[in-house]
Amino acid sequence: MATITLEYDARNTILKNMIEAFIALGGEVESTSRTTKSDGYASTLSAIEELKQGKGIKCVSFANYKKKMA
C-alpha cells in the first residue's frame, strides 16, 4: 500500500469533499492536525461556534458589561 501525505487549508470545501470521496472509495485516513485548542485559530473557531449557539454574555453598553462581570 502507498502512503500519501497531504497538507491543505481545512477551510477549503473542495479539498474536504475530495478527501471524503477518497474515504468512500476505501482509502484510509490518519488525521494529524497542527491546529490545537491552544492555537489562536482554533480558539477563534470555538468562540464563533459558541456565538452561533447563543452562548455568551449580551450587553448593551460597557457599563452593563461591568455590572454583569462583577
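Before I give any surface figures, let me say that accessible areas here come from the Shrake-Rupley method with a 1.4 Å probe. What you see above is a predicted model, and on that basis the accessible surface of the protein comes to about 6,700 Å², of which 57% belongs to carbon and sulfur atoms. Of the 70 residues of the protein, 3% count as buried, where buried means under 20% relative accessible area.

Let me now turn to helix H1, which covers residues 13–24, twelve residues in total, and which reaches 16 Å from its first C-alpha to its last, close to the 16 Å expected at 1.5 Å a residue. At the start of H1, a side-chain oxygen of asparagine 12 comes to within 3.1 Å of the backbone nitrogen of isoleucine 14, while after the helix there follows glycine 26, whose phi is positive, near 110 degrees.

Finally, the surface around this helix. Is leucine 15 buried, exposed or partly exposed? Leucine 15 is partly exposed, because its relative accessible area is 30%, and partly exposed is the class between the 20% limit for buried and the 50% limit for exposed.

Methods:
Residues are numbered from 1 along each chain as its sequence is written. This is a predicted model: local features need pLDDT of at least 70, side-chain atom pairs count only at pLDDT 80 or more; totals for chains, interfaces and linings use all residues. Side-chain values use heavy atoms; hydrogens and water are left out. Helices (H or I, at least four residues) and strands (E, at least two) are DSSP runs, numbered from the N terminus. The expected span of a helix is 1.5 Å times one less than its number of residues. A polar contact is a pair of N or O atoms within 3.5 Å; within protein, one must be able to donate a hydrogen and the other to accept it, and residues adjacent in sequence count only if both atoms are side-chain atoms. Buried means under 20% relative accessible area, exposed over 50%, partly exposed in between (1.4 Å probe, protein chains only).
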